[in-house]
Each structure stands twice: as C-alpha cells, then as structure tokens.
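I set down here what I looked up in one structure, entry by entry. The cut-offs are noted where each term comes up.

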Amino acid sequence: RSSVVYDIALFRKGEDDPAAEGHFVHVFVERTRQDRTSPIPPRIRDALQRLVRAPASGAGGHPRQGSDL
C-alpha cells in the first residue's frame, strides 16, 4: 500500500519488440521520518490507477505480481 512499480520498455521506431525493458520502484515515505513507509494518498492512487495497463502482446512483459495498486 506504500509503493508502486513502474515497468518500462524502450522501442526502436517501427519495431514491436522492445530493445530494452526495466522497472523502478517508488516507495512513499513519511515526510518527517523517511525511514517509515506511508500509504499512497488516495488522490495519487486514483491517478496512478489510470496508468495501469495490460502488457502489449509480444512485448514479453507480464503483470507485476504484488503491485500495491
């Protein structure tokens, strides 16, 4: 409930298969104590939820298991 994983891929122009794939994790933390995680605020969670997509066919990706969204 305190993190989101962004899966990314880079494509060459005109190609369907990615040239590179990767991911990064954004962990929300308390502003005053950055050693403690904080729930994703509802307004931000709603905005992030609109970005969730199924992987493209043939992209070699898969839905991220354990995603907090």
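The entries below go from the overall layout to single pairs of residues.

**Entry 1: basis.** I am working with a predicted model, in which local features need pLDDT of at least 70 and side-chain atom pairs count only at pLDDT 80 or more, while totals for chains, interfaces and linings use all residues. I number residues from 1 along each chain as its sequence is written, and side-chain values use heavy atoms, with hydrogens and water left out.

**Entry 2: layout.** I looked up the secondary structure and found one helix and two strands. From the N terminus on, the order is β-β-α. The elements are DSSP runs numbered from the N terminus, with helices (H or I) of at least four residues and strands (E) of at least two.

**Entry 3: totals.** I noted that the protein has 69 residues, of which 12% count as buried. For this class I use under 20% relative accessible area, with exposed over 50% and partly exposed in between (1.4 Å probe, protein chains only). The accessible surface comes to about 5,900 Å², and carbon and sulfur atoms hold 50% of that area. These areas come from the Shrake-Rupley method with a 1.4 Å probe; for residues, only the protein chains shown count as cover. Among contacts with a separation of 6 or more, 38% join residues 24 or more positions apart; a contact means heavy atoms within 4.5 Å.

Entry 4: How do β1 and β2 pair? I found the antiparallel sense, over nine bridges; pairing requires that DSSP finds at least two bridges between two strands. I8 stands opposite G22 in β2, and F11 has P18 in β2 as its bridge partner. Six residues lie between the strands of this hairpin, where G14 takes a positive phi near 85°.

**Entry 5: S3.** I placed S3 in strand β1, which covers residues 3–11. S3 is buried, at a relative accessible area of 16%. I also checked S3 against S38: the two are 35 residues apart in sequence, and their C-alpha atoms are 8.7 Å apart in space.

**Entry 6: aromatic rings.** My search of the whole structure gave one aromatic pair. It is formed by Y6 and F24, which are stacked at 4.8 Å centre to centre with 25° between the planes. Y6 lies in strand β1 and F24 in strand β2, so the pair ties together parts that are 18 residues apart in sequence. Rings of Phe, Tyr and Trp (its six-membered ring) pair if their centres lie within 6.5 Å; planes under 30 degrees apart count as stacked, over 60 as edge-to-face and the rest as tilted. Both partners are partly exposed, Y6 at 24% relative accessible area and F24 at 42%.

**Entry 7: charges.** How many salt bridges does a search of the whole structure find? I found one, in which the side chains of R33 and D35 meet at 2.9 Å, N to O. The criterion is a side-chain nitrogen of Lys or Arg within 4 Å of a carboxyl oxygen of Asp or Glu. R33 is partly exposed at 36% relative accessibility, whereas D35 is exposed at 59%.

**Entry 8: nonpolar patch.** I recorded a nonpolar surface patch of V25, V27 and V29, with about 210 Å² of accessible area together. Patch residues have over 30% relative accessible area and no salt bridge; like charges are joined within 9 Å, nonpolar side chains (Val, Leu, Ile, Met, Phe, Trp, Tyr) within 5 Å. V29 sits in the loop between β2 (18–27) and α1 (42–49), and V29 is partly exposed at 36%.
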